Amino acid sequence: MDPTVLVLNGPNLNLLGTREPEIYGTDTLDSIRAEVETRARERGLKADFRQSNAEHELVGWIQGARGTAQGIIINAGAYTHTSVAILDALQAVGLPVIEVHLSNIFRREDFRHHSYISKAAVGLVCGFGAQSYVLAIDAMAHTLKSSTPAKRAHR
Ligand code: CA2
């Protein structure tokens with residue numbers, strides 16, 4: 001069975017495509033979902049794509065990934081900069097995590113320069129709009145491939 005990647009989206013990302021296109025682009029979250037699902041299939045993965053405005057729901061989904069998903073891609077939205085609870089959940093679940101942002105958070109306000117999520121992440125993709133998610137799928141496919149026992153044995 002194809003490995004499952006949980007793709008989580010935090011608060012206000014449901015508004016994509018309706019406001020602030022100069023920062024976040026014109027893609028809607030539904031169109032990003034379609035792109036992510038297609039790329040995941042091409043890379044031999046299954047994407048489980050979700051969005052919530054509630055921190056506790058995101059924490060619950062991360063906890064539930066143990067035993068059901070092989071990796072997590074997360075755009076935690078504003079919780080990126082505030083949530084120790086999401087960091088703790090990501091560290092507890094012990095799966096490879098890739099952090100994603102549509103915008104380049106380092107070109108923006110100072111308060112966006114710090115991410116709690118990064119501490120739990122293998123890596124970070126930001127600044128490429130919807131393409132950040134597609135690149136993160138590629139990075140996750142690579143990460144999962146290089147951590148399979150068969151591959152490790154050949155190193
Ligand atoms: O660039 C990103 O992906 C962010 O995670 C987006 C968050 C922001 O707080 C982070 O600093 C960077 C905000 C998501 C809000 O999305 C909206 C979309 C359309 C209209 C209004 C907000």
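**Close-up views of a predicted model**

View 1. Leaving aside residues up to four places away in sequence, S115 touches T80 and E99. The structure shown here and in the views below is a predicted model. S115 belongs to the loop between strand 4 and strand 5, and its relative accessible area of 9% lies under the 20% limit, so S115 counts as buried. Its side chain makes a polar contact of 2.8 Å with the side chain of E99, while a polar atom of the S115 side chain also lies 3.1 Å from the backbone nitrogen of I117.

View 2. The side chains of S118 and E99 are joined by a polar contact of 2.6 Å. Although S118 and V100 are 18 residues apart in sequence, their C-alpha atoms are 9.8 Å apart in space.

**View 3. Strand 3 and its two partners.** Strand 1 (residues 4-9) pairs with strand 3 (residues 71-75) in the parallel sense over five bridges; within this pairing, L6 stands opposite I72, and L8 has I74 as its bridge partner. Strand 3 and strand 4 also run parallel, joined by three bridges, and here the bridge partner of I74 is E99 in strand 4. In a regular strand the side chains alternate between the two faces of the sheet. Both faces of strand 3 are covered, with G71, I73 and N75 buried on one side and I72 and I74 buried on the other, and thus five of the five residues of the strand are buried.

**View 4. The largest nonpolar core, and another core apart from it.** In soluble globular proteins, nonpolar side chains tend to be buried together. The largest nonpolar core in this model has 23 residues, of which V7, I32, V36, I73 and Y133 touch the most other members. Two or more residues each are contributed by strand 1, helix 2, strand 2, strand 4 (97-101) and helix 5 (131-146), and helix 5 gives the most, with six residues. Y133 touches V7, N9, L13, I32, V36, F49, N75, V100 and L102 when residues up to four places away in sequence are not counted. Another core, of 21 residues, lies apart from this one and includes I62, I72, Y79 and L90.

View 5. The ligand is surrounded by 17 residues, the closest of which are N75, H81, L102, S103 and R112. A polar side-chain atom of R112 lies 2.8 Å from an oxygen atom of the ligand, and a polar backbone atom of L102 is 2.8 Å from a ligand oxygen atom. A backbone N or O atom of A78 is found 3.4 Å from an oxygen atom of the ligand.

View 6. N12 is not a glycine, yet has a positive phi of about 75°; its place is in the loop between strand 1 and helix 1 (21-24), and its relative accessible area of 49% makes it partly exposed. E20, in the loop between strand 1 and helix 1, has a phi near 50°, again a positive value in a residue other than glycine, and with a relative accessible area of 42% E20 is partly exposed.

Key: Residues numbered from 1 in each chain as written. Predicted model: local features only at pLDDT ≥ 70, side-chain atom pairs only at ≥ 80, totals over all residues. Heavy atoms only, no water. Pairing = 2+ DSSP bridges. Helix = DSSP H or I, 4+ residues; strand = E, 2+ residues; numbered from the N terminus. Core = buried A, V, L, I, M, F, W, Y, C linked by side-chain atoms within 4.5 Å. Buried < 20%, exposed > 50% of the residue type's maximum accessible area, 1.4 Å probe, protein only. Contact = heavy atoms within 4.5 Å. Near = heavy atom within 4 Å. Polar contact = N/O pair within 3.5 Å; in protein donor to acceptor, adjacent residues only side chain to side chain.
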